[in-house]
Amino acid sequence: DGDETWWKSAVVYQVYPRSFADSNGDGIGDLDGITSHLDHLVGLGVDVLWLSPVYPSPQADNGYDISDYQDVDPLFGDLAAFDRLLAAVHARGMRLVMDLVVNHTSDRHPWFQESRDPASPKRSWYWWRPPRAATDPGDPRPHGTEPNNWGSFFSGPAWTYDGASGEYYLHLFAPGQPDLNWEEPQVRQAVYAMMRWWLERGVDGFRMDVVNLISKDPALPDGPLRGDGPYGDGSPSYLCGPRVHEYLQEMHREVFAHHPGRLLTVGEMPGVTVEQARMFTDPARAELDMVFQFEHVSLDHGPGGKFDPRPLRLTDLKASLARWQQGLADTGWNSLYWNNHDQPRIVSRFGDDGPRHRARSATMLATVLHLHRGTPYVYQGEELGMTNAPFASIGDFRDIEALNHYAQALAAGQDPERVLRGLRAMGRDNARTPMQWDAAPGAGFTTGTPWIPVNPNHTTVNAADARRDPGSVYHHYRRLIALRHSEPAVVHGDFTPLLPEDERVYAFTRHHRGTTLLVLGNFTGEPVPVDLPPCWREAELVLGNLPEPGDPADPADLADGPDGPDGPDGS
Ligand code: TEU
Ligand code: CA
């Protein structure tokens, strides 16, 4: 591989600006805050910073509702502050990837405001439809005259009525996030022009929000009813819809092709299959470099959906990730992630965040993820082993998804305590509590009142302490990233799953030229014997998270757990 695929050996660090670092004491993270903490990223050794949205926005969904694609929200700073951040990133040899949210805009975007007038040339830029006659008196939907029966991702119908024209508009997410109509060529050209503008400003690529939803079947047919709720599932009409590959190939021609070998492009794709992902990331098709798939972060969703979680079965996790490894082995490329701003914290979710096991569990999970084949993504605070937050009541939550779900579930007669349990385990706010820089009252995030409370465990889980402790989660992440940069087998090695039936140990090998790496992760709180073929007895330990033999360590610690990778050459 030449420079063309530099992102195969890169590690990406995601910053959620609202929660990263507040420079002016208003309780909200901002661009100058990020710029002043870049050496944290340098210390970790990451190559790319992915910046969640900082564009002007009413903040109905924390910036994933954009009202101006070519500016910065005053909450976060201004374009000059953005340029300073970009220059500082580049000066440290890193790249910056923007979040691109073009399945929908904010309802405050001038495009949408214009489109509310049926005579406007922008009417066709969104999905406007007349009410449907309420033929079925038994229809349980609020009005029963929505153009179809789709529910939105954030509870309630996917349609909102606009009295100005007497029509409904489509929004797969909140009413403040109307879906753009990509069938309209002018929409596509406007998006491409905006993307070129950012690339000319110097950014190095895009993380593309729900980009496999941009093509819809224009017939917008009713979907099959979901569970026992009133809404239909529209996803057959918009998940990897009829023209999605055509649109991404057009985007590649119009935008990416002008910057060969420079960019990283990653499409966020709920519900994407391995077969679809292979097409999206096949270099010969010229679409995207990689996608974020959702299979492994759905394995603990229960029959009632994400807020009805069930315990993870390790064998399911191994089978799922192995299928993605094998499916994209020869064509395409994987992204690797446990966390982002939409997912609960991994050490609380698939690991053990209790005081005895938290650090070992977090480093074990990191090891397993980072030594798969693909490009790893680290979400802010993951490198500290940050945990889910102790939300006491619904008043502690901020996220529109959580608040809407709570209201809808209570209206449907569910037990409030049960609903809260689901939100505590799976709510997105778990990822959005402030970055824990130090043990000060505002966790070093802010001198003011944070927009969402800091996790009380910041007194012990924080960057300042972690940097001083060579055995910390932070230093383990640093060593994993360094290993990716120095050991070609981590980047290029093929993948062989081991022990697929074992519910306790995650095991695989990576092989490249003369080197084989063995990766072992103990997902339990006890020592687990593993029967290794004799050839591994002489293996060199490349990286581990247990005290090495001979280390002056508490023998009780040895029983704690998770193993790191071994690496022999040949076998
Ligand atoms: O998320 C898309 C998505 O499908 C889910 O992860 C979503 O966050 C939700 O949890 C469904 O239950 C992207 C962004 O990452 C997310 O923050 C936005 O809210 C969403 O798109 C809309 O822009
Ligand atoms: Ca601020």
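The protein has 17 helices and 16 strands, where helices (H or I, at least four residues) and strands (E, at least two) are DSSP runs numbered from the N terminus. This is a predicted model, in which local features need pLDDT of at least 70 and side-chain atom pairs count only at pLDDT 80 or more, while totals for chains, interfaces and linings use all residues. Residues are numbered from 1 along each chain as its sequence is written, and chains are lettered from A and ligands numbered from 1 in the order in which they are written.

For 571 residues, a compact globule would have a radius of gyration near 25 Å, and the 24 Å of the protein agrees with this. The radius is taken over C-alpha atoms, and the globule rule is 2.2 Å times the number of residues to the power 0.38. The C-alpha trace spans about 80 × 55 × 50 Å along its principal axes. Of the 571 residues, 49% count as buried. A residue is buried if 20 or more other C-beta atoms, placed from the backbone, lie within 10 Å of its own, exposed if 12 or fewer do, and partly exposed in between. Among contacts between residues at least 6 apart in sequence, 66% join residues at least 24 apart; a contact requires C-beta atoms, placed from the backbone, within 7 Å.

The protein is divided into domain 1 (3-105 + 184-390 + 435-468), domain 2 (106-179), domain 3 (391-432) and domain 4 (494-558), with bounds from an automatic or database domain assignment. Contacts link 18 residues of domain 1 to 16 residues of domain 4. On the domain 1 side, helix H9 (314-327) and helix H11 (358-370) are the elements that give two or more residues. H9 gives the most, with 6 residues. By class, this side of domain 1 has 7 nonpolar, 6 polar and 5 charged residues. Ala, Val, Leu, Ile, Met, Phe, Trp, Tyr, Cys and Pro count as nonpolar, Asp, Glu, Lys and Arg as charged, and the others, Gly among them, as polar. The centres of domain 1 and domain 4, taken over C-alpha atoms, are separated by 30 Å.

An open sheet of 8 strands has the order E9-E8-E7-E3-E2-E1-E13-E12, with parallel pairing. E9 and strand E12 (335-336) each have a single partner strand and stand at the edges, so one side of each lacks a neighbour in the sheet. Strands count as paired if DSSP finds at least two bridges between them. Strand E8 (residues 264-268) is largely enclosed by the rest of the structure, because 5 of its 5 residues are buried. Leu264, Val266 and Glu268 point one way from E8, and Thr265 and Gly267 the other way. E8 pairs with strand E7 (residues 205-208) over 4 bridges, with Gly205 opposite Leu264. E8 is also joined by 3 bridges to strand E9 (residues 290-292), where Gly267 stands opposite Val291. Strand E13 (residues 375-379) pairs with E12 over 2 bridges, and Ser335 stands opposite Thr375.

Around ligand 1 there are 13 residues, of which Tyr64, Phe153, Phe173, Pro270 and Asp342 come nearest; a residue is near if its C-beta atom, placed from the backbone, lies within 6 Å. The shell has 6 nonpolar, 1 polar and 6 charged residues.

Ala134 lies in the loop between strand E4 (128-129) and strand E5 (159-162). Ala134 counts as exposed because it has 12 C-beta neighbours inside 10 Å.

Methods
Contact = placed C-beta atoms within 7 Å.
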